[in-house]
Amino acid sequence: AEVRARCAQGACLVRCRRRVYDLSGFVRLHPGGEQLLRRRAGTDVSAALDGPPHRHSANARRWLEQYYVGEMEPGEEQVPRRLLPGSAALPRKAVDEKAVDAAAQTPVRMDPRCKTVDVEKDLVDWQKPLLWQVGYLGEKYDEWVHQPVDRPIRLFHSDFLESLSKTAWYVVFIVWAPVVLYLSWVSYTSLAQGNTRLFSSFTTEYSIPVHKYYFPFIFLLGMFLWSLLEYLIHRFVFHMKPPASNYYLITLHFLLHGQHHKSPFDSSRLVFPPVPASLVIGFFYGILRLLLPEVLGLSVFVGGLCGYIIYDMMHYYLHYGSPKKGTYLYGLKAYHVKHHFEHQKSGFGISTRFWDRPFRTLIPEETFNKDD
């Protein structure tokens, strides 16, 4: 059969009843891991979509439809009627005529729980920059932006502005890792001079000296505070629901985070570009300078900056990496993908689920009855 032959050549085609899907370009991105999809290549995944171990959401089923390539001939389970251009049909095997007649009476329908994303009839024109279009969606924006698609997004007409809005994952490390190393050295050597005291602006008699040996702990405190800041920004800024009547707030939301939810696997938009990031980072450094002694504030800041780098690198990996099953990152990848496809109002932790617990936004574990 043709499907089996193409799978033997390395493709990953699956069936959902008589509909055929080519998942070859998606296998490494699947939260269950590449091997899980490879093992199911050439088979019917209808039952697997309903679980256990995971019941796929309406968005996941809609996502699957983007890889549709053909339908099976009535009565045959391995030969698609039409496939992608360039695929050669193989000789058919004999089939039961009664089975053909019975199958012909069964209409081929897409899963009723999902709708395909038709870019020709979508609410926006994908041939033009999206940033200035989304504000006109009004009350339809929230539903539209949380129906993910597998296609790149263009935001601006200007090529220069568009380039500033895209960033390769390694740029974050190249730009900010040297800053962390340099500021760490500055902080440690400054603390080694023994001139830094806590509460010295209020009292000299009861001020507390901050020794150089405290630097690692202050650094870790900065990383811990970043994890809280990461959660708060993601939940209350990135996931604010802009008023349907406010064109500018909808546009701002799409610029900040909506674009990522619409196209979660656009590799050039998974990390924060250095230019706008430097403005945000400078803002938080200024706040620390106001609240803490200069060197102490710098030590906390550099730990937070390190936490940010880890967060951005981890975020990219959770989308494009293929962690080993059973590892911490494997569970975190599945958790984050659930946030994108089903639980947009929970699961705001990215580098850790820690803050989802006290704030009661933890994505619940799936349960299945014994009959399931």
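In this predicted model, His315 is buried because its relative accessibility is 5%, and buried means under 20% relative accessible area. His315 has its place in helix H12, which covers residues 294–320.

**Surroundings of His315**
- Leaving aside residues up to four places away in sequence, His315 touches His260, Leu270, His336 and Ile350.

**The residues listed as a binding site**
- According to an unreviewed UniProt entry, His30 and His56 are listed under "binding site".
- Although these two residues are spread over 27 residues of sequence, they cluster in space, with a largest C-alpha distance of 12.1 Å.

**His30**
- His30 is found in the loop that runs between strand S2 (19–22) and helix H2 (34–39).
- With a relative accessible area of 13%, His30 is buried, because the limit for that word is under 20%.
- When residues up to four places away in sequence are not counted, His30 touches Leu36, Leu37, His56 and Lys333.

**His56**
- His56 lies in the loop between helix H3 (46–50) and helix H4 (58–64).
- Again not counting residues up to four places away in sequence, His56 touches His30, Ala48, Leu49 and Arg61.
- The side chain of His56 also reaches the backbone oxygen of His54, at 3.4 Å.

Technical notes:
Residues are numbered from 1 along each chain as its sequence is written. This is a predicted model: local features need pLDDT of at least 70, side-chain atom pairs count only at pLDDT 80 or more; totals for chains, interfaces and linings use all residues. Side-chain values use heavy atoms; hydrogens and water are left out. UniProt positions are given in the numbering used here, feature names are shortened, and annotations may be inferred rather than shown by experiment. Helices (H or I, at least four residues) and strands (E, at least two) are DSSP runs, numbered from the N terminus. Buried means under 20% relative accessible area, exposed over 50%, partly exposed in between (1.4 Å probe, protein chains only). Contact means heavy atoms within 4.5 Å. A polar contact is a pair of N or O atoms within 3.5 Å; within protein, one must be able to donate a hydrogen and the other to accept it, and residues adjacent in sequence count only if both atoms are side-chain atoms.
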